[in-house]
Amino acid sequence: MSSIALYFHVHQPFRIKNYSFFSVGSDSNYYSTKSSKLDNKKILEKVVSKCYLPTNKLLLDLLKQHPDFKVSFSLSGLVIEQLTQYAPEVIDSFKELVNTGKVEILSETYYHSLSSIYSKEEFISQIQLHRKLIKETFAYETTSFRNTELIYNNEIAKTVEDLGFKAVVAEGVDKYLSGRSPNFLYQPKDTKKIKLLLKNYQLSDDIAFRFSDRSWSQWPLTADKFVDWIKTVGKDADTINLFMDYETFGEHQWKETGIFDFLFEFPQQIMQNTDFKFLTVAETATVYKPVDTIDIREFTSWSDTERDVSAWLSNPMQLSAIKTLYELEGDVLETNDDALIQDWRRLTTSDHFYYMSIKESADGQVHKYFSPNENAYEAFTNFMTILHDLRQRVYTKIERN
Amino acid sequence: MHKKPKVLMFGWELPPYNTGGLGVACYGMAKGLSLQGIPLAFALPKRLSIHVPFMEILSHGLQGVEVTAINSLLKAYTHEESYTQYYEEVKEISPNYYGDSLYDETLRFGEMGALWSKQQDHDLIHTHDWLTYQAGIKAKAVSGKPLIAHIHATEYDRTGGAVNTQIAEIEYQGLNQADKVIAVSHYTKKIVNKYYSVPLEKIHVVHNGVDLVDFKPQKIRKIFPHDNIVLFVGRLTFQKGVEYFLESAKKVLKTNPNTVFVIVGNGDLYQKLIMKAALLDIADRVIFTGFLQGDQLKACYEMADAFVMPSVSEPYGIVALEALAAKTPTIISKQSGVSESISHALKVDFWDTAKMAEMITTILDYPKIANKMASQALRETQNLTWEKTADKIMSVYDMTLN
């Protein structure tokens with residue numbers, strides 16, 4: 001028997017506004033609500049109507065019609081906060097999905113941060129905060145873990161195993177597979193129980209990135225074709241892991257491309273015409289046994305062609321911004337000031353560093369597509385000016401205490 | 001002076017639409033001259049709507065001065081590359097109108113300037129820096145009236161010697177065809193003599209002034225009450241020496257970590273400097289505000305504990321006077337004209353970043369002494385008014401006409 005793990009990631013950052021030097025010391029609201037390109041509420045409402053509501057409805061129909069259909073999700077704390085505030089009906093529709101009993105929710109860092117790289121304590125705190133939020137929102141106890149942008153190495157696997165997670169997901173990076181297939185479970189090096197599921201990036205990205213690419217030799221991608229590929233790959237596979245951003249549906253790939261029809265058809269064809277099953281991430285980890293241990297020392301991720309952490313952490317601006325941010329960690333936490341801590345944590349979100357990328361080529365175009373800023377330099381100076389205000393607030397608070 | 005001469009003046013830009021110090025200087029001079037009763041007609045390049053013949057009267061709040069915009073793509077501090085980019089943007093809308101290179105456009109602007117001068121009754125022509133020298137030369141050819149070439153910055157200052165030869169040639173023509181040259185400093189007079197072969201007796205030095213406004217230092221600073229602020233103001237170009245400022249900052253932070261370096265301005269080096277701050281690992285202590293003017297710029301002068309003008313070659317340096325007028329202890333590059341006017345400031349070679357850092361540290365560590373120095377410098381600036389500058393310019397007019 002072989003199976004498919006469909007996993008979708010749902011996230012929206014709190015984008016920061018154009019913050020002037022003269023605001024330092026007098027304006028501690030860093031998030032944009034008005035100016036058009038940066039308006040978090042507007043962006044969220046757009047994604048809600050283009051993606052979250054229609055895709056949730058489509059999946060609910062599939063789940064109701066087909067007892068064997070299953071799907072896994074992770075939702076960052078930030079997207080849950082924003083949905084609760086601006087579009088509570090979406091939270092309700094996610095609850096409906098969870099209530100089918102066939103939907104798994106994965107844990108991640110509440111703030112979609114890079115804390116796994118910079119501070120183990122903060123990493124653990126943000127996972128706990130997220131677990132708590134998922135429990136409060138969906139009455140759901142998580143057992144599997146996905147890290148921000150699928151950032152992964154041995155160390156992270158160990159940390160989350162210690163936190164009690166049974167499964168962790170990562171990118172299937174060729175370099176570390178060294179000829180092995182991503183379509184089996186692996187045992188992370190130096191761990192005992194936790195299972196590693198690796199993304200099949202070929203098949204996942206056929207949907208997430210190439211679906212509407214007319215210059216792609218396989219365009220247009222039909223359900224028939226995709227199911228044929230799955231069958232071929234499935235001849236020697238335990239699990240085919242299809243991981244992608246949830247915003248793929250209707251937002252990155254517009255409705256007009258036929259992405260919704262595709263999402264509705266291909267699982268039904270799988271269930272009707274093949275022996276494949278759909279399993280959640282947690283079920284996959286229980287059903288199969290690891291075929292080998294895997295040793296991944298350097299950080300991998302699902303971003304850019306390098307599939308490492310260079311999308312967020314490679315140029316001097318990114319490195320000095322994140323260094324400055326984490327240098328404040330101890331002082332910020334010491335203030336015990338909830339608003340201050342929340343603002344600092346919202347700045348740990350990986351997206352802020354993504355906007356500071358100066359990569360050329362195709363990856364650079366992707367960065368540009370997602371960025372609310374004019375350019376990387378503007379994103380950087382804006383972020384740093386906000387950090388000045390935050391630092392000033394911390395000093396003032398510590399002085400008073 | 002007997003009869004007040006009617007003056008035609010060509011400049012680059014005027015506040016509040018200025019991007020640099022030349023606009024500030026032209027405004028100050030025009031205002032000063034006008035107060036002395038000199039009838040002044042001022043022309044500058046500006047892109048106008050295609051429906052406008054070739055010029056348009058602008059309102060500029062300069063009493064007694066008529067300001068005319070002549071339709072042109074010339075912009076202050078433009079260079080080949082930025083001009084070409086601008087030209088490409090507009091050539092679809094206005095085909096066959098503007099010059100297709102910076103050089104051609106200065107010639108075309110010169111022709112238009114001469115055309116304009118025909119409609120103006122005048123006794124002499126006064127032109128500022130290379131961009132408008134052609135206009136001065138051509139207006140002189142038409143009317144035969146004397147020409148004064150005012151020099152605020154040469155191509156040598158801007159580039160450190162890697163000159164654009166076409167621009168240097170325009171400067172050479174303007175300076176040598178003029179009847180008199182006004183240099184903003186003795187520093188510049190020497191450069192004009194050395195590189196442009198203008199005889200010393202033809203060059204008159206007239207220092208710039210500063211508008212003394214009421215600077216009221218804030219008692220409790222809202223921005224950075226816990227930190228020292230060290231300020232730079234200027235275009236972010238090679239000439240202004242911003243890189244030396246960053247290198248000094250790196251050194252200062254070793255002994256005075258609670259210091260923030262504020263860089264006010266915009267320019268070609270903007271991105272490069274941001275990257276440099278990050279590479280020096282001081283980006284958390286450097287703030288780039290972008291271009292500021294008016295009250296916001298004033299606020300920066302007021303809040304600063306120290307001001308640094310690290311220019312590589314600065315004919316004058318109005319920003320230093322503005323800082324001093326706000327009673328901010330100031331460090332100025334020895335390679336500047338303003339150091340001739342001010343004795344109560346610390347002076348340093350732009351390249352000597354160790355010394356520059358030491359001076360900044362001294363100002364931050366000994367605020368009482370620094371403030372005393374600043375008070376004395378403030379008194380010096382009180383003598384440097386635009387009225388005085390205008391007086392000196394009028395005596396050059398007088399010499400030229402008689």
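Colleague: Before the numbers, what is a polar contact here?
Modeller: A polar contact is a pair of N or O atoms within 3.5 Å; inside protein, one atom must be able to donate a hydrogen and the other to accept it, and residues adjacent in sequence count only if both atoms belong to side chains. Keep in mind that this is a predicted model.

Colleague: OK. How many residue pairs are in polar contact between chain B and chain A?
Modeller: The count is 7 residue pairs, with both residues at pLDDT 80 or more.

Colleague: Which elements of chain B supply the side that touches chain A?
Modeller: Strand 10 (259–264), helix 9 (270–279), strand 11 (286–290) and helix 10 (294–303) of chain B each supply at least two residues. Helix 9 of chain B gives the most, with 6 residues.

Colleague: And how do the residues on that side divide into nonpolar, polar and charged?
Modeller: On the side of chain B that touches chain A, 18 are nonpolar, 5 are polar and 5 are charged.

Colleague: How many salt bridges across the interface?
Modeller: The rule finds 2 between chain B and chain A. In one pairing, B:Asp281 forms a salt bridge with A:Lys323, and their closest N and O atoms are 3.0 Å apart.

Colleague: What area do the two chains bury between them?
Modeller: About 2,200 Å², of which 68% is on carbon and sulfur atoms. On the chain B side, B:His226, B:Met275 and B:Asp284 lose the most area to chain A, together 26% of what that side buries. In residue terms, 28 residues of chain B are in contact with 24 residues of chain A.

Colleague: Switching to the fold. What is the strand order in the open sheet of 6 strands?
Modeller: In chain B the order is 11-10-9-12-13-14, with parallel pairing.

Colleague: Why is one side of strand 11 and of strand 14 left without a neighbour?
Modeller: Strand 11 and strand 14 (346–348) of chain B stand at the edges of the sheet and have a single partner strand each, so one side of each has no neighbour there. From one strand to the next, the twist averages 20 degrees.

Colleague: How many bridges join strand 9 to strand 12?
Modeller: In chain B, strand 9 (residues 228–233) and strand 12 (residues 306–309) run parallel and are joined by 2 bridges. B:Leu231 stands opposite B:Phe307 of strand 12.

Colleague: Which strands does helix 10 lie across?
Modeller: Helix 10 of chain B lies across strand 9, strand 10 and strand 12 of chain B, at about 135 degrees to strand 9.

Colleague: What about the sheet of 8 strands, what order and pairing?
Modeller: That open sheet of chain B has the order 3-4-2-1-5-6-7-8, and its pairing is mixed. Strand 3 (55–58) and strand 8 (203–205) of chain B are the edge strands, each pairing on one side only. Neighbouring strands are turned by 25 degrees against each other on average, direction ignored.

Colleague: In what sense do strand 6 and strand 7 pair?
Modeller: Strand 6 (residues 147–151) and strand 7 (residues 180–183) of chain B pair in the parallel sense, over 4 bridges. B:Ala149 stands opposite B:Val181 of strand 7.

Colleague: Which strands does helix 14 lie across?
Modeller: Helix 14 (residues 386–401) of chain B lies across strand 1, strand 5, strand 6, strand 7 and strand 8 of chain B, running at about 165 degrees to strand 7.

Colleague: Last one. Where is B:Thr385?
Modeller: B:Thr385 sits in the loop between helix 13 (367–382) and helix 14 of chain B. Apart from neighbours within four places in sequence, B:Thr385 is in contact with B:Gly209 and B:Val210.

Technical notes
Residues numbered from 1 in each chain as written. Chains lettered and ligands numbered in written order. Predicted model: local features only at pLDDT ≥ 70, side-chain atom pairs only at ≥ 80, totals over all residues. Heavy atoms only, no water. Contact = heavy atoms within 4.5 Å. Buried area = accessible area lost by both parts, 1.4 Å probe. Salt bridge = Lys/Arg side-chain N within 4 Å of Asp/Glu carboxyl O. Nonpolar A, V, L, I, M, F, W, Y, C, P; charged D, E, K, R; others polar. Pairing = 2+ DSSP bridges. Axes fitted to C-alpha atoms, helices over the stretch in contact; angles between N-to-C directions.
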